Amino acid sequence: MLAFSLLTGACSVGPHYQPEHAALPAHYREEKDDDVDFRPVELVQWWQQFHDPILNRLVEVAFDHNHDIRGAAQRVLVAHAMRDIEASQWYPQVDFSSLNGDLMKSTSLANAMPHVDDLPRDPHASLLSYGFGASWQIDLFGRIRHQVDASDRVIEQAQENRHAIMLTVLAEVARNYMTLRGTQQRLGIIDRHIVTATRLHDRAVRLQRAGVGNTLHVAQTSSLLRTQQSQRAVLHKTIAQSLHALDILVGQLPGSLRAELTSPSPLPKVPPAPRTLPGRLLRHRPDIRRAERMYAQAMDGIGTEVARMYPDLTLPLTYNPNASTFSQLFETGAQAWRMLALTSLPLGHGGQQQARVRSAQAIAEAERLKYHQQILIALREVEDAIVAWNGKKTHVRLLHQAAQDSRLANLRSRRLYEAGISDLLNVLETEQSALRAENTELCAHIDWLYRTVDLHVALGSGWENRT
């Protein structure tokens, strides 16, 4: 019987999953031809391209201690356990049971106790029993095989969910760290302009007290100073929120990183745009990989339903001795067993099983289309990210030039004012213009860092060394 089961177990009806071919372009359309340079090593640990050791450490800590990532790892273990439950159907299901106690039959029922040799039978009896029961389902047509394969696909989907969460956490750590450092730099800009505004206000007050100034200049410089001071509170709030977000992302209590990250530090450097090939998306984007595994699981669902239309062979085996005393349990007369072969075949259920097969086929086709749709979405996201990165690069370069011009204009207007050649209004206007230009340039630079992170996330890299 064992040899028979091994031979017939290789017979599996229904379709088997074959990798789906996806048509992909040779290169991204938004990339210049001379920019295409496949660099997989830089993509695997792309956050290191920012050359910021603190960011590198935060990413490593988040990978090890983030609760969402750790929870996703537990769901992978759950999927493994469920797969083992399905695979257990391949093996005999063996159980042990025992029974012992006393039986008392009623003597009040008519003819309940027949007489033998005019002596009544004893209504009291003792019962001792033990036994083994086994049931073995032979997987003749691959139903169990398809179910186990489907469970394997569920494991792989859970793994891809974990990879996707890792990529999300990685991106959030990078973005919040860049927000923190960028806001600290903005705070430094505000502080420098507050120093200038304070000097202008003090000068206006001195001139007014000396009788050569007026209250209009005092009010104007005071308004400028108070406006700039008010912006510090907003920036401090953003810094605190970024710190709290980083605390949670690395699995620590809010405030844990404050001592390490409170001191201002320069913004991470913007690395060159990553260059890769469209075909790499299929191997590295967790959402595409998960969609492909869902399609494979749906194909196994078809095989499972097809196999239900074929005969099912089960071998129920029982061994159950019965006696009234312990010494009798092992005698020949107490032995009892049953060895059967149970075969079942669905013959007429009103087309129910055929409908189940059609349903499974439709589900598989829907998952196949979803897989191809996910590829298109991924390609669009990469193309959009490339456009955004290139556009932001040009934007930052122009804003940098504008900020330099504004700072120069501000410096010259102050000198002219101090020399008595220009009036205070020009100084106030150039001061406000310089502050706006520097803030705008810095915010654009931060956004350029965001776009770099978005491009790497769109390419789906960053989780490979943490499988």
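The points that follow concern a predicted model and take up its cores, helices, aromatic pairs and some individual residues.

1. The largest nonpolar core holds 71 residues, and among these L58, V173, L246 and L261 touch the most other members. Helices α3, α5 (143–210), α6 (215–249), α9 (286–307), α10 (352–418) and α11 (424–459) each supply at least two residues of this core. The greatest contribution is from α5, which gives 16 residues.

2. With residues up to four places away in sequence set aside, L246 touches L58, V173, N176, Y177, L180, L257 and L261.

3. Is the length of α5 in agreement with its residue count, or in disagreement? At 1.5 Å a residue, the 68 residues of α5 should span 100 Å, and the C-alpha atoms at its ends are 99 Å apart, so the two values agree. Just after α5 comes G211, which takes a positive phi of about 85 degrees.

4. The packing of α6 against α11 may be described as follows. The axes of these helices come within 10 Å and cross at roughly 10 degrees. Because angles under 35 degrees count as roughly parallel, α6 is roughly parallel to α11. On the α6 side the contact is made by H217, Q220, T221, L224, Q228 and Q231, and on the α11 side by L424, L428, E431, Q432, L435 and N439.

5. The model contains nine aromatic pairs. In the pair of W47 and F63, the ring centres are 5.8 Å apart and the planes stand at 75 degrees, so this pair is edge-to-face. W47 lies in the loop between α2 (40–44) and α3 (53–65), whereas F63 is in helix α3, so the pair ties together parts that are 16 residues apart in sequence. Both partners fall under the 20% limit for burial: W47 is buried at a relative accessible area of 2%, and F63 is buried at 7%. Ring pairs also link W47 and F63 with W46 and F50 into a cluster.

6. The loop between α2 and α3 also holds H51. The phi of H51 is near 55 degrees, a positive value in a residue other than glycine. Is H51 buried or exposed? Its relative accessible area is 61%, so H51 counts as exposed, the limit for that class being over 50%.

7. H284 belongs to helix α8 (residues 280–284). With a relative accessible area of 14%, H284 is buried. Which residues are in contact with H284, leaving aside its neighbours within four places in sequence? They are R289, L459, G460, S461, W463 and E464.

8. Q361 is a residue of helix α10 and is partly exposed, with a relative accessible area of 41%. Q361 and G303 are 58 residues apart in sequence, and their C-alpha atoms are 9.5 Å apart in space.

How values were computed:
Residues numbered from 1 in each chain as written. Predicted model: local features only at pLDDT ≥ 70, side-chain atom pairs only at ≥ 80, totals over all residues. Heavy atoms only, no water. Helix = DSSP H or I, 4+ residues; strand = E, 2+ residues; numbered from the N terminus. Buried < 20%, exposed > 50% of the residue type's maximum accessible area, 1.4 Å probe, protein only. Contact = heavy atoms within 4.5 Å. Phe/Tyr/Trp six-rings, centres within 6.5 Å; stacked < 30°, edge-to-face > 60°. Core = buried A, V, L, I, M, F, W, Y, C linked by side-chain atoms within 4.5 Å. Expected span 1.5 Å × (residues − 1). Axes fitted to C-alpha atoms, helices over the stretch in contact; angles between N-to-C directions. Parallel < 35°, antiparallel > 145°, perpendicular 65-115°, else oblique.
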